[in-house]
Amino acid sequence: MGNSTCPSPMKAVSNGAWQGDNPLDFALPLLMIQICLVLIVTRSLALLLRPLRQPRVIAEMIGGILLGPSALGRNKDYMHRIFPPRSMTVLDSLANMGLLLFLFLVGLELDVNSIRRTGRKALGIALSGITLPFLLGVGTSFVLKSTVAKGVDTAPFLVFMGVAFSITAFPVLARILAELKLLTTDIGRIAMSAAAVNDVAAWILLALAVALSGTGRSPLVSLWVLLSGVTFVIFAVLAVRPVLAWMARRSDDSEPVHEGYMCVVLAVVLAAGFATDAIGIHVLFGGFVMGLLMPKEGAFAVSLTEKIEDLVSGLFLPLYFVSSGLKTDVATIRGAQSWGMLGLVILTACVGKFLGTVGVSKAFKMPCREALALGFLMNTKGLVELIVLNIGKDRKVLNDQTFAIMVLMALFTTFITTPLVTAVYKPARKAPPYKHRTIQRKNPDSELRMLACLHNARSIPALIHLIEASRGTRRRLLCVYAMHLMELSERPSAILMANKVRHNGLPFWNKSHPNSDHIVVAFDAYHSLSSVSVRPMTAISSLTTMHEDICSSAEHKRAALIVLPFHKQARIDGNFELTRPGFRQVNLRVLENAPCSVAIFVDRGLGAPARIPTSDFASSIAMLFFGGQDDREALAYAARMAEHPGVSLIVHHFLPVPQTNQPDGVRINMDAGSREADKKFLVDFQAMETTNQSIRYEELEVRNREETVAAIRNVARCNLVLVGRRAEAPGFEMRSTDCTELGLVGSFLASQEFTGGASVLVVGQYNPGIANGSTLFSEDTLEMSKTPGDNF
């Protein structure tokens, strides 16, 4: 018998390369390299798969497989250097610690009360989506046991295969639905409700499978494991849940959550994991149960999620996919029989979910396309599937070949979900045509509908001030939809917010988020003290598709004006700071696709401190009129504001004086039709001026940029300045520092050159007849950058 020695345990840190130590022979430096490699590979794959609209879990699953023995691991030097066997204990421990916390977050995403309220349709779909795949999984396991899985214990193998076939990954499904804009539709709500029921049922079945797979010699051991698990759940509900609820009640929405409460919750999660591991039903169950028992209302759950989600889902969780990938060797699937088993597993897994879901959906008389889409959506696997498979692998229920087959099945079924749903289901409802898409209209007394967007609660005072000024007189109707723009990320908190969906099929308002509470209260208070109807909603989507939510909502709400927040926020010193670079692209895409007029709001503290409208509301507004359709739209808006008894309006009409020695960069050409339209509109406006003492109209002759700038600075002390996006100002040229979505004058007003504290509203009129890229400037006068928003 040959001598075999166990490898010596790795020390934590090295003495350094200069003293002859190889850092890769020590636990902590090696772990750092492993984490960096995992993050680089998985994030790179996520970027590559983003155009295919795949969730990040796909990239993490593929990355784990590529880093394992199926690809890079075929190089033995690489495996022994980067992932040596003696380092796997540390890697697996860290990965499972992250997974424990992540499943706590998954439990937070699931609302038990909403599961209780699940309708008959969703419940029927969930049960059929579990039962038929489970039975097919059990049937397939007999075939696998006689071919590629010989010698395994029959009972646990049957249950593990049934559970693996019947799972629908709730977190992954939520992200796919949000990416496809289906989260707030009927099919999205049914899919989420069914997946929530499915998720809870899957964990119960997995607990049964783990109990059956124990190594105890007595059959009573499995019974004791199950009874102990039930006792743990009862104890958690009766003893732990009241403590968590007490801490949630003690956490004020307006104050940060107490650090001590955070420590207590994390300690409870770890203790629950220890308890379930001691029972024998795996450490992960404890974290999941604690997440289910956490109160979902108020700021406590959201704050807790936001504090730990980035570290868990961004750093620790990819390690679990690599840990799983290191156990997956695709090379074990060899020969026609093995590949045939892979095809059989994929086919039966897809068919079971699809037929079970579609059959019940049709029984509830759902449309054919919705039933088909639902069948594909319920095939979503992901992390929970890998957890089941890894537990089966660790318990010796699944051998290497069966494990590799099941991992590829989970990857394939999740990957095809998005393209198949996109192919069979087109949820976009075409909005009915409507007449008033601009503020300038023949009947100024008709209702004005606005869609006002905001990034955060900081914008509330300025937005309320703008809405109050916009209401004019009480005889004019104003309806405002306030849309909170929130980015949908891969974070659990984003899905936690997304699950608070109003059942109206529209972008929704989330009343559980602490930031949103302030917004809701502010708009409710304003609505109760004014005649303006303010209807709040929230768009939660990725920045690349957020403009679709804005434009479709504007069309369905028949809005005449979309108000977008500028992508920079003013600081106390008057300078601007960038909120998020992606928000500028959102604005540009809205300008390109909007079904109505669009205004970009540059806020320098309008309405601060916040004032709910009272009889002493006062606001001074200036309108800079240079000519053109955008300026006419802005002046029409300013004229409506001037009807408010607390608003004073001054209009500066700039008249360029032609010079014989004027260089090409200063001359402005305007077509005759636009000049005539300006004249007619100004005649009507001047007639209004004679009857409204709060309006002052001035004509200013300017010869060059310096005179124009000097005149503009005279209105710097006003509360708000309005200007057209394509205002034709003498001497202004587009510079590299300008924001093309604001135009020439708008960029100057938003720059540090314009001081005085006035907020700016840059208005662009809707005109479907203007092609993209066209401009009102002649080619020999002004060189404007071509922007996606040039159809306004």
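Author: First, a term. Helices are DSSP runs of H or I with at least four residues, numbered from the N terminus. Keep in mind that this is a predicted model.

Reader: Where is Val230 found?

Author: Val230 lies in helix H10, residues 220-250.

Reader: Why does Val230 count as partly exposed?

Author: Its relative accessibility is 47%. Buried means under 20%, exposed means over 50%, and partly exposed is in between. Therefore Val230 counts as partly exposed.

Reader: What makes helix H8 largely enclosed?

Author: Count the buried residues. H8 spans residues 170-179, and nine of its 10 residues are buried, so the rest of the structure largely encloses it. Among the buried ones are Phe170, Arg175 and Leu177. Just after H8, Lys181 takes a positive phi of about 60°.

Reader: How many strands form the open sheet, and in what order?

Author: There are 10, in the order E3-E2-E1-E4-E7-E12-E11-E8-E9-E10, with mixed pairing.

Reader: Why are E3 and E10 called edge strands?

Author: Strand E3 (533-541) and strand E10 (695-702) each pair on one side only. Pairing takes at least two DSSP bridges between two strands.

Reader: How do you know that E8 and E9 pair?

Author: Seven bridges join strand E8 (residues 619-625) to strand E9 (residues 647-656). The cut-off is at least two, so they pair. The two strands run parallel, and Leu624 stands opposite His652 in E9.

Notes
Residues are numbered from 1 along each chain as its sequence is written. This is a predicted model: local features need pLDDT of at least 70, side-chain atom pairs count only at pLDDT 80 or more; totals for chains, interfaces and linings use all residues. Side-chain values use heavy atoms; hydrogens and water are left out. Buried means under 20% relative accessible area, exposed over 50%, partly exposed in between (1.4 Å probe, protein chains only).
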